[in-house]
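Here's a quick briefing to read with the model open beside you. Take a look at the chain first, then work through the points below.

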Amino acid sequence: QGWTPNFIAKVCEEGVSKQLHDDTLLIDGVDAVAMAMNLARKEGIFSGISGGATVAAAVEVCKRAPPGSNVLAMIPDTAERYMSTVLFEGIDPDMSPEERDIFESTPFAT
């Protein structure tokens, strides 16, 4: 899936060893999946589990940041590699009648 519990990528490890960071936030896998799903449902952002973890960490940073702060979260992937994972287990692959009606009302349906 691209992430492993307690895994730190080499570029991050180097930054940590040089003390270039202010804080380290650990995001539980369940919270990462929930955020990835929320990003898709509420924002139309199709990200993977690590993208969900990134945004969940950014939300926590925002809660602590002084008013007027700017926070940037770069989502490192998309979700197409996760179709067979827990990220999409509750999503029916077939369109509902309502979804079919919406699809057929677009130029892509023809």
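A residue is called buried here when its relative accessible area is under 20%, and exposed when that value is over 50%. With that cut-off, Ala 32, Val 33, Met 35, Ala 36, Met 37 and Leu 39 are the buried residues to look for in H2. Keep in mind that this is a predicted model.

**The chain as a whole**

- Along the principal axes, the C-alpha atoms fill a box of roughly 55 × 35 × 25 Å.
- If you take contacts between residues at least 6 apart in sequence, 61% of them join residues at least 24 apart.

**Surface and charge**

- Out of 110 residues in the protein chain, 22% count as buried.
- The protein chain exposes about 8,600 Å², and carbon and sulfur atoms supply 57% of that area.
- There are 8 positive and 17 negative charges in the protein chain, and their mean positions sit 7 Å apart.

**Helix H2**

- H2 covers residues 29-43 and has 15 residues.
- From first C-alpha to last, H2 reaches 20 Å, close to the 21 Å expected at 1.5 Å a residue.
- What do the buried residues of H2 pack against? They pack against H3.

**Helix H3**

- H3 takes in residues 49-64.
- Its 16 residues should span 22 Å at 1.5 Å a residue, and the end C-alpha atoms of H3 are 23 Å apart, which agrees.
- The buried residues of H3 are Ile 49, Ser 50, Gly 51, Gly 52, Ala 53, Val 55, Ala 56, Ala 57 and Ala 58.

**A closer look at Ile 49**

- Ile 49 lies in H3, and it belongs to the buried residues of that helix.
- Why does Ile 49 count as buried? Because its relative accessibility is 1%, and the cut-off for buried is under 20%.
- Ile 49 and Asp 31 are 18 residues apart in sequence, while their C-alpha atoms are 9.3 Å apart in space.

Note on methods
Residues numbered from 1 in each chain as written. Predicted model: local features only at pLDDT ≥ 70, side-chain atom pairs only at ≥ 80, totals over all residues. Heavy atoms only, no water. Helix = DSSP H or I, 4+ residues; strand = E, 2+ residues; numbered from the N terminus. Buried < 20%, exposed > 50% of the residue type's maximum accessible area, 1.4 Å probe, protein only. Contact = heavy atoms within 4.5 Å. Areas by Shrake-Rupley, 256 points an atom, 1.4 Å probe, with all protein chains shown as cover. Lys, Arg positive; Asp, Glu negative; His and termini not counted. Charge placed at Lys NZ, Arg CZ, Asp CG, Glu CD. Expected span 1.5 Å × (residues − 1).
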